[in-house]
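Reader: Could you take me through how aromatic contacts are read in a model such as this one?

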Amino acid sequence: MAAPLAKQAGAVLRDLALRSARLRGGCPAVQLTSRRWLNLQEYQSKKLMADHGVTVQRFFVADSANDALEAAQRLKAKEIVLKAQILAGGRGKGIFNSGLKGGVHLTKDPKTVEQLAKQMIGYNLSTKQTPKDGVTVKKVMVAEALNISRETYFAILMDRACNGPVMVGSPQGGVDIEEVAVTSPELIFKEEIDIFEGIQDRQALQMAKNLGFKGPLQQQAADQIKKLYNLFLKIDATQVEVNPFGETPEGQVVCFDAKINFDDNAEFRQKEIFAMDDKSENEPIENEAAKYDLKYIGLDGNIACFVNGAGLAMATCDIISLNGGKPANFLDLGGGVKEAQVYQAFKLLTADPKERGGEGALCCCQQVVQGRGWQSIGQESPSASVQATQQSCSQCHQMAFLCG
């Protein structure tokens with residue numbers, strides 16, 4: 001029932017979009033400008049879950065060693081876990097420039113929490129996913145440590161193939177779910193959700209059963225699944241992934257760790273959530289690029305990549321490397337790029353003295369040419385690749401059609 005209804009809804013929305021475009025007298029197509037992903041710290045995601053009734057570990061956030069000690073004492077837990085709050089993964093095996101090893105520590109003594117926090121807060125933590133010098137830790141999460149007797153996997157995500165939300169679960173959690181899908185596909189369970197009717201009790205109970213919860217825990221897991229779906233809708237998420245979705249020896253179903261992706265188009269009604277976006281760990285040039293909805297990642301080469309489309313950007317970097325060069329950056333303008341964005345992109349590239357030109361194109365090249373700003377930013381002439389785009393507008397549109 002869910003798929004036909006979702007397809008009908010999709011058809012209606014597409015028809016409305018086409019009619020709206022015709023009324024404006026424009027081309028009956030929708031241009032989407034690429035957006036930078038919203039980044040939330042672990043404690044922020046867990047607070048969102050707790051605010052919507054989802055069971056998580058009790059925790060406090062501290063930005064000083066003294067606050068960490070007070071938080072540990074207030075928890076009154078048998079065991080405490082202290083976690084450095086940075087966006088990069090691999091914290092547990094990271095190293096601080098204070099000499100402390102590991103960004104995640106277990107202890108039963110609040111005083112130890114204070115001593116560990118002194119070696120975390122204000123120091124740089126280096127992991128496999130951080131820059132070479134690491135990332136400065138400004139906050140730590142002081143949480144109740146819980147034993148996990150069994151781990152499962154659960155997620156809700158928007159699935160294009162189903163034209164709506166889908167539940168995905170596996171009794172084999174705490175591991176890479178992609179690996180489980182390859183080695184044991186029979187342990188992956190999928191259930192479509194009717195976006196009009198929402199998740200049904202029978203669906204939640206069946207998923208809890210598929211995940212291996214038994215007795216009273218089965219109903220408890222089903223209740224948590226329904227609350228996770230409510231969270232998914234209320235915060236305009238595109239994905240809520242809980243791994244592990246586990247049970248404790250005391251008979252409690254807990255969401256131990258979660259990853260949440262948001263629909264950037266819903267920023268206008270999720271202002272509080274988007275205001276939590278943590279940009280402090282980005283390079284300044286990345287934050288500057290984000291102001292204009294450009295995706296920029298600095299690399300260690302000297303050939304600039306000025307590209308429309310993430311796929312072509314990656315291919316351009318590969319071609320440069322295959323021919324003995326090194327890309328200086330990854331810069332994706334997005335398929336719906338505007339002239340003002342092209343100008344800002346030129347400014348970003350020319351601000352770095354180590355970069356020299358290179359380009360790929362996916363959108364209408366006229367946008368790139370009209371958005372040129374080389375005269376005002378001290379460049380004598382555009383690069384050869386941009387000059388090559390100064391052909392007839394019809395040729396540009398033909399290229400855009402063939403490529404896009």
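**Aromatic contacts**

Author: F154, F213 and F245 form one aromatic cluster. The model is predicted, with local features needing pLDDT of at least 70 and side-chain atom pairs counting only at pLDDT 80 or more, while totals for chains, interfaces and linings use all residues. Residues are numbered from 1 along each chain as its sequence is written, and side-chain values use heavy atoms, with hydrogens and water left out.

Reader: What describes a pair of aromatic rings?

Author: A pair is described by the distance of the centres and the angle of the planes. Rings of Phe, Tyr and Trp (its six-membered ring) pair if their centres lie within 6.5 Å, and planes under 30 degrees apart count as stacked, over 60 as edge-to-face and the rest as tilted.

Reader: How many aromatic pairs does a search of the whole structure find?

Author: The search finds 4 aromatic pairs. In one of them, the ring centres of F213 and F245 are 5.7 Å apart with the planes at 75 degrees, so this pair is edge-to-face. Because F213 lies in the loop between α6 (201–210) and α7 (216–234) and F245 in strand β11 (residues 237–247), the pair ties together parts 32 residues apart in sequence; helices (H or I, at least four residues) and strands (E, at least two) are DSSP runs, numbered from the N terminus.

Reader: Are F213 and F245 buried or exposed?

Author: Both F213 and F245 are buried, where buried means under 20% relative accessible area, exposed over 50% and partly exposed in between (1.4 Å probe, protein chains only).
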